[in-house]
There are 2 protein chains.
Amino acid sequence: MQAIQVGLLGIGTVGSGVFHVLQRNQDEISRRAGRGIEIRMVAARNVARAQSVVGAQVQVVADARAVIAHPGIDIVVELIGGCGIAKALVLEAIAAGKHVVTANKALLAVHGTEIFAAASARGVMVAFEAAVAGGIPIIKALREGLTANRIQSIAGIVNGTTNFILSEMRDKGLDFDRVLREAQRLGYAEADPSFDIEGVDAAHKLTLMSAIAFGIPVQFDKAHVEGITRLSAIDIRYAEQLGYRIKLLGITKRVDEGVELRVHPSLVPAKRLIANVEGAMNAVVVQGDAVGTTLYYGKGAGSEPTASAVIADLVDITRLHTADPEHRVPHLAFQPHTLSDAMDALPVLPMSAVVTSYYLRLRVVDQAGVLARVTALLADAGVSIDAVLQRAADEVGGEGSTQTDLIILTHDTREGTMDAVIAQMQALPTVLAPITRIRKEALS
Amino acid sequence: MQAIQVGLLGIGTVGSGVFHVLQRNQDEISRRAGRGIEIRMVAARNVARAQSVVGAQVQVVADARAVIAHPGIDIVVELIGGCGIAKALVLEAIAAGKHVVTANKALLAVHGTEIFAAASARGVMVAFEAAVAGGIPIIKALREGLTANRIQSIAGIVNGTTNFILSEMRDKGLDFDRVLREAQRLGYAEADPSFDIEGVDAAHKLTLMSAIAFGIPVQFDKAHVEGITRLSAIDIRYAEQLGYRIKLLGITKRVDEGVELRVHPSLVPAKRLIANVEGAMNAVVVQGDAVGTTLYYGKGAGSEPTASAVIADLVDITRLHTADPEHRVPHLAFQPHTLSDAMDALPVLPMSAVVTSYYLRLRVVDQAGVLARVTALLADAGVSIDAVLQRAADEVGGEGSTQTDLIILTHDTREGTMDAVIAQMQALPTVLAPITRIRKEALS
C-alpha cells in the first residue's frame, strides 16, 4: 500500500525533527501505522535551506498553498505558528479536505472554535498533541485515557523556558533579569521571550486542556494570565524556608459556580512530585473523580520531543484511514503479522546477558585484608567499583562485635560475570553469610 | 441512539467501581462517547449480592455464558481474573463476536498471543488498559502516544502492594515480614500475597508493556522474576546512606542483542522522580529516542482507578462503533454540539471569584505593633493565617537596618477578599514597598 502523503508547512526546529524522526524510525512507524508515512512536499520561505534538510527526493516550494492544493497530499502539518497566515492556511487545508496536524497552541486557543467547527463540517481532523507539553501525550490522556472521569482539576508546568528560569533562580539565588539573560544566551529563552515569561504561552496550552477536560469551548480571552517577571530571588528563598517551591502553574479547576482558568506563579509543597520538576521539563497533574491524581512528565519542547507528538498524530490519522475498522490500533501496537519476525530479531535475553550495576552487601570478619581480598576478586573479573561503604563493627554487631558489613557499588557489569564473582567471594572464609546482591539502575 | 450494551463477568471491587462510575458520570461519558454506555447484564457467583450492587434494572445471572450469548450485549467485560475459566470465557466472547475489555494481566501475559490472534481473526477488539498500572493510561501512551519512537527502555513501579511495603520498610525501619503482616491487616496486601511479593504480578504487566514497546509477542515465560521477600531493612538503610532508594522495578530494555525483561528490587538514585513514588502509587518511566524520558504516575489499583481504565476502553470501543469515521474522538473530547450549553453551565470565573491560599511578603518598618496591625486587617476580613515568618531586620537589610520582611501564608480565601485586604495593608504607613502576593496551591 502506498505511504500516506504528508505536506509540511514550515521546516524549522520542529519540522526538521519530524522529517528526521520519520526517516530514522520509518520501519517501526509503518509497522505500527500499518502503512508508511512519507513527507512528500515542504513549503518554506528559504527553499534552498529547506531542500538541504530534506534532500532531493522531497519537493520544496515557497508557496504553502501549493502544498495544500496538491491532490496527492493527505495530511497537512502546519508548523508556521502564530495566528496570522497560519490561520488562513489551516482553514484552507480544511476546506481542501485535508487533515491537519499542528503544534500551534496560540492559533487553537484563540481560534479553536472556528477551526474545529470547519473541520467537523468538512469531515477532517485537526490533531494537536504537539500543541501542549511537547512530547508528553497529555491531549490523548485527557481526551481518551481519562474519559471515565469527571475531571476536577489540572495543574501543569507547561512552559519549559519559565521553569528553567525558576530552577536557575532557585539554584543560584539570582534574580529574574540576570537568569533570563543567561537563558537567552543558552537558547532556553527566545530573543523576544515575552510570550513565555508573561505566561501567555502557558495560558494558550492551559486553555486547550481546560476545554478538553470540562467540555467547554476554548476561551483564551477569559484566562487570567500572569508571568514570572516580577518574581524575586528572595521570595523563592522564603518559600523554600517554609517548605515550598515556586513554579509557574497553569491551573484549571471545576468548582460549583464554573471553571477557574489561571496562569500565575504558585507555591507548591516541596514534597510534591511536580515541585521537583526541574529545568526545561514539563509536567501536568490531573485529578479525576474516579482515577484520583495522575501525573504526566516529559520534555515540553525541542525538535524531536515535539516531533514525537506530531508523528503520533500522523499515525493516529493514518490508522484511522487505513486499517479495517476493528484494528485501527493493533492490540500490541504493531501490526500482528510483524510480531514473530521481530521476536527472532529481538530475542528476550537470559538474565546472565543483562548488563547493569550492583549493590553488594557482605557480612565479613572485621579484620585487615578482607576488603583487599574482595576487591581483588572484583578486579580480576574486570568489575569496576563505584563506591565502597564499610561500617564500624560495633555499629553493625553491637559493642565488641567482630563482624561488619561491607557494601560495594559496582559500575556496569554483565550479570553472568557478577554471578561468578559472587560465588568466589562467597567461598572466602572471611565472608560469614550469604551475600546480598541488589541491582542498581541509573534511569538516566 | 440506544446506549451500547455491556455485560460484566464478575462484580467484585473493580466491577462495582465500573458500575458506580458509569452511573455517576453517565452524562459526561455519553457526551464524550457520543452515545450512552449501559451495563445490561452481570454474571456473578453470588447473584443476590450482585443484585444488591446493581439494583433491580440490571439482570444478574449465575452463568457467565448467558451474558456472552445474549444477542443484545455488544461488549463483554471480564473481571474474573486468572488463567482458568477467564480464558475460556474470553475466547467464547470473541467467538461470539463480542468485544472484550479485561483487567486480566495474567491471562494476557501468558495467553495473549492466542487471544489476540482469535480477536483479530474474528474482527473484535480485546482492550486491556486496566491490566497495567490501574488508572494510568500507560497502554494508550505506549501504543498511540509514543508511536514515533524507537522505545529504548521502560522502568516501572507497577505493583502497589510491594511499593507500599517498601515505603513502610524504609519509613519505619522494619523488616519485610513485619510490614507484610501490617499491609495485610490494612488491606494493602492479600491473604495470599505471593503473586505480588514474588514479583509475578509486576512481571505480567511488564511483559505486556514490553511487547507493545518493542513489537514482539508476549513472552512471560522468558521474564526474570524476583520479588522483595529477601530484602532486609538494613539494605534499605545502607542504600539510603549512599543516596538511593530501593524499589521493585519492572525493567524492559532494548539492547543490541535483544530485549531485557526483568523484575527485581533495584537501587534508584534518590533524586529521580520515580524514587519518590511512595505507598501504593504506580509510575512508569519510558525512554524513547525522539521524546526522551517521559513518566506516568497514578494509582495502580483500587476500585475506581481501575474502573477508570476499564471505562476508557469502553468509550474507545463505543467511539469506534458509533461516530462517523472522521470524528471518533472529538477535537475537544466532547461531542461538539454539547460544548456551548456547557459553557453556559460552566462559565469561566473571573479571578476575583477564585478561592486559593496566599503567600504575602510585606517589607515593613521593624517596630512593635506592625505584625498586630497587619494580622488584625486579615482577621477583620475573615482571612485565616496558616503561618507567619518574620525575619530579623539585620538579616534582611544588613546591620542596623530598620526594615524587615514579614511573610504570611494564608488559608483558603477568595481572591476578591484578598485584593481588598492587600489594598488596606498597602495603605499602612509601616508598609514600605509594594506587597508581594503569590498564590499557593496544595495540589493534594
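Predicted model: local features only at pLDDT ≥ 70, side-chain atom pairs only at ≥ 80, totals over all residues.
1. Across the interface of chain A and chain B the rule finds 16 salt bridges, while the structure holds 62 of them over all chains.

2. As for polar contacts, 56 residue pairs are found across the interface of chain A and chain B, with both residues of a pair at pLDDT 80 or more. The largest share of the side of chain A that touches chain B comes from strand β10 of chain A (residues 258–269), which supplies 11 residues. By residue class, that side of chain A divides into 76 nonpolar, 31 polar and 32 charged residues.

3. The extent of the contact can be stated in residues and in area. Chain A contributes 139 residues and chain B contributes 139 residues, and the two chains bury about 11600 Å² between them, with 60% of that area on carbon and sulfur atoms. Of the area that chain A buries against chain B, A:His331, A:Leu346 and A:Val348 supply 7%, which is more than any other three residues do.

4. Strand pairing also runs from one chain to the other: β10(A) and strand β17 of chain B (residues 436–440) pair in the parallel sense over two bridges. Within this pairing, A:Leu267 has B:Lys440 in β17(B) as its bridge partner. In general, the strands of a sheet pair through backbone hydrogen bonds, in either a parallel or an antiparallel manner.

5. How are the two copies related? Chain A is superposed on chain B by a rotation of 180 degrees with 0.0 Å of shift along its axis, at an RMSD of 0.0 Å, and that is the relation of a two-fold axis. In chain A, the C-alpha nearest the axis belongs to A:Tyr296, which lies 2.4 Å from it. Since 100% of the interface residues of chain A are also interface residues in chain B, the copies meet through the same surface.

6. Turning to the sheets, chain A has an open sheet of six strands in the order β3-β2-β1-β4-β5-β6, with parallel pairing. Its edge strands are β3 (59–61) and β6 (126–127) of chain A, each of which pairs on one side only. Strand β2 of chain A (residues 37–43) pairs with β3(A) in the parallel sense over three bridges, and A:Met41 stands opposite A:Gln59 in β3(A).

7. In chain B, six strands form an open sheet in the order β3-β2-β1-β4-β5-β6, and the pairing is parallel. The edges of this sheet are β3 (59–61) and β6 (126–127) of chain B, each pairing on one side only. Strands β4 (residues 75–78) and β5 (residues 99–102) of chain B pair in the parallel sense over four bridges, with B:Val77 standing opposite B:Val101 in β5(B).

8. Because A:Asp201 and A:Lys205 are four residues apart in helix α11 of chain A (residues 200–214), about one helical turn separates them.

Terms used: Residues numbered from 1 in each chain as written. Chains lettered and ligands numbered in written order. Heavy atoms only, no water. Contact = heavy atoms within 4.5 Å. Buried area = accessible area lost by both parts, 1.4 Å probe. Salt bridge = Lys/Arg side-chain N within 4 Å of Asp/Glu carboxyl O. Polar contact = N/O pair within 3.5 Å; in protein donor to acceptor, adjacent residues only side chain to side chain. Nonpolar A, V, L, I, M, F, W, Y, C, P; charged D, E, K, R; others polar. Pairing = 2+ DSSP bridges. Least-squares fit on C-alpha atoms with pLDDT ≥ 70 in both.
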